[in-house]
Amino acid sequence: MEFESVVFKRQSCRGYLDTPVSDEIIEKIINTANLAPSACNGQPYYLTVCRGDAANEAAKLTSGMGLNKFATEAPCVIVISEKPYVKSAAVGSKIKNNDYRSIDIGIVASYITLEAANQGLGSCILGWFDEVKLQKLLNISERIRLVITLGYPKDETIRPKKRKEINKISNL
């Protein structure tokens, strides 16, 4: 698929078919994520792939206060946890007062969702979850930063993109 088509197709999916995602597609997504740039090539994250019952249990922990009810429909969930900086990125982060780790996690999340779209999947990046319960469920001690739902969308209609005008986000 052409890059522009992938970017246009990618949107937050809030309804999934009850169809498993193949190992081959998940591997392609993770391999693409592994190519994401990061500060000092530190890759300060870990990707925990949950499928089936594990995906359902993880997704339940994203639906507090009535949010993200659709998440339990997703046959696959990727949980992104934070890993320590490599030394050079840690020094740079302190000197420049810039949270490179959060930036890197955002970049890898973008790679995951774009490759998912390229593979015909829907995705949704979630920042609302019960971190303590999710850590316990997945036996993760590090901070969990994002949860991404993946699956085949119930509705493949591309919604109009509501974005700011270009001159509101750039000097063009």
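Colleague: Let's start with β3. Is that strand mostly covered or mostly open?
Modeller: Mostly covered. In this predicted model, four of the five residues of β3 are buried.

Colleague: Okay, and which strand does β3 run antiparallel to?
Modeller: That would be β4, and five bridges join the two.

Colleague: Where does β3 sit in the whole sheet, at an edge or in the middle?
Modeller: Let me give you the order first. Four strands make an open sheet, and they go β1-β2-β4-β3 with antiparallel pairing. β3, residues 122-126, is an edge strand, and so is β1, residues 45-51; each of them pairs on one side only.

Colleague: How much twist is there from one strand to the next?
Modeller: The average is 20° from one strand to the next.

Colleague: Let's go to β2 and β4. How many bridges do they have?
Modeller: Six. β2 covers residues 76-82 and β4 covers residues 144-151, and they pair in the antiparallel sense. If you want a spot to look at, find I80: the residue opposite in β4 is L146.

Colleague: Where do side chains point along a strand, in general?
Modeller: In a regular strand, they alternate between the two faces of the sheet.

Colleague: Now the helices. Which strands does α3 lie across?
Modeller: Helix α3, residues 52-60, lies across β1 and β2, and runs at about 115° to β1. There's also α6, residues 131-138, which packs on the sheet and touches β1, β2 and β4. The direction of α6 makes about 70° with that of β4.

Colleague: Changing topic: which helix is N118 in?
Modeller: N118 is in α5, which spans residues 100-118.

Colleague: Last topic, rings. How many aromatic pairs turn up?
Modeller: Zero, and that's from a search of the whole structure.

Colleague: So what sits over the ring of Y85?
Modeller: The charged end of R101 does, 4.3 Å from the ring centre. You can find another case at F8: the charged end of K161 sits over that ring, 5.9 Å from its centre.

Conventions: Residues numbered from 1 in each chain as written. Predicted model: local features only at pLDDT ≥ 70, side-chain atom pairs only at ≥ 80, totals over all residues. Heavy atoms only, no water. Pairing = 2+ DSSP bridges. Axes fitted to C-alpha atoms, helices over the stretch in contact; angles between N-to-C directions. Contact = heavy atoms within 4.5 Å. Phe/Tyr/Trp six-rings, centres within 6.5 Å; stacked < 30°, edge-to-face > 60°. Lys NZ or Arg CZ within 6 Å of the ring centre and 35° of its normal. Buried < 20%, exposed > 50% of the residue type's maximum accessible area, 1.4 Å probe, protein only.
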